[in-house]
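This report sets out the disulfide links and the helix packing of the structure shown below. Sequence and coordinates should be read alongside the text.

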Amino acid sequence: MSSQTGPDGSPWDKEKKHKFENKSNSEYFDPCQEAAARSIRCLNRNGGDRQMCTDYFEAYRACKKEWTNKRKKEGGGFFFGS
C-alpha cells in the first residue's frame with residue numbers, strides 16, 4: 001500500500017487543504033450533529049441512564065424538528081421534494 005503523505009509526513013498539501021477548507025456544505029449536512037453528540041456523551045457519562053439525559057434528547061428533537069420544518073418550507077432536499 002502506498003503512502004500519500006508529503007515531505008513533512010502530512011497528507012495535506014496546499015491544494016488539498018484549500019479545497020477542503022473552501023468546500024460547500026453538503027446537501028446532507030446535519031446542523032443537529034452537535035446536539036446528537038452531546039446526547040451520546042451524556043449517555044456515556046451516566047452509564048446509559050436515559051433519565052439523566054432527557055434535556056439533551058429534547059434539545060436534539062427540537063433542533064431536528066426545526067431543521068426539517070425549515071427544509072420543508074424551502075422545498076429542497078431528497079426527502080421533501082425539490
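## The link of Cys42 and Cys53

The disulfide of Cys42 and Cys53 is left-handed, with -95° about the S-S bond. Cys42 lies in helix α2 and Cys53 in the loop between α2 and α3, so this pair ties together parts that are eleven residues apart in sequence. The two sulfur atoms are 2.1 Å apart, where a disulfide is defined as a pair of cysteine sulfur atoms within 2.5 Å. Both Cys42 and Cys53 are buried; buried denotes under 20% relative accessible area, exposed over 50%, and partly exposed the range in between, with a 1.4 Å probe and protein chains only.

## Basis of the model

The model is predicted: local features need pLDDT of at least 70, side-chain atom pairs count only at pLDDT 80 or more, and totals for chains, interfaces and linings use all residues. Residues are numbered from 1 along each chain as its sequence is written, and side-chain values use heavy atoms, with hydrogens and water left out.

## The link of Cys32 and Cys63

A search of the whole structure finds two disulfides. Besides the pair described above, Cys32 is joined to Cys63 with an S to S distance of 2.1 Å. Cys32 is in the loop between α1 (14–21) and α2 (33–45), whereas Cys63 belongs to helix α3 (residues 54–74), so the bond ties together parts that are 31 residues apart in sequence. The link of Cys32 and Cys63 is left-handed, with -90° about the S-S bond.

With bonded cysteines counted along the chain, the disulfides follow the pattern 1-4, 2-3.

## Packing of α2 against α3

Two packed helices are described by the angle between their axes and the distance between the axes. The axes of α2 and α3 come within 9 Å and cross at roughly 165°; axes are lines fitted to C-alpha atoms, for helices over the stretch in contact, and angles run from 0 to 180 degrees between N-to-C directions. That crossing makes α2 roughly antiparallel to α3 (angles over 145 degrees count as roughly antiparallel, under 35 as roughly parallel, 65 to 115 as roughly perpendicular and the rest as oblique).

On the α2 side, the contact is made by Ala35, Ala36, Arg38, Ser39, Cys42, Leu43 and Arg45, and on the α3 side by Tyr56, Phe57 and Tyr60. Contact means heavy atoms within 4.5 Å.

## Tyr56 at the contact

Tyr56 lies in helix α3 and is partly exposed, with a relative accessible area of 31%. Not counting residues up to four places away in sequence, Tyr56 touches Arg38, Ser39, Cys42 and Arg45. Tyr56 and Ser39 are 17 residues apart in sequence, yet their C-alpha atoms are 5.2 Å apart in space.

## The chain as a whole

The chain has three helices and zero strands, and its elements run α-α-α from the N terminus on. Helices (H or I, at least four residues) and strands (E, at least two) are DSSP runs, numbered from the N terminus. Of the 82 residues of the chain, 15% count as buried. Among contacts in the chain with a separation of 6 or more, 33% are accounted for by residues 24 or more positions apart.
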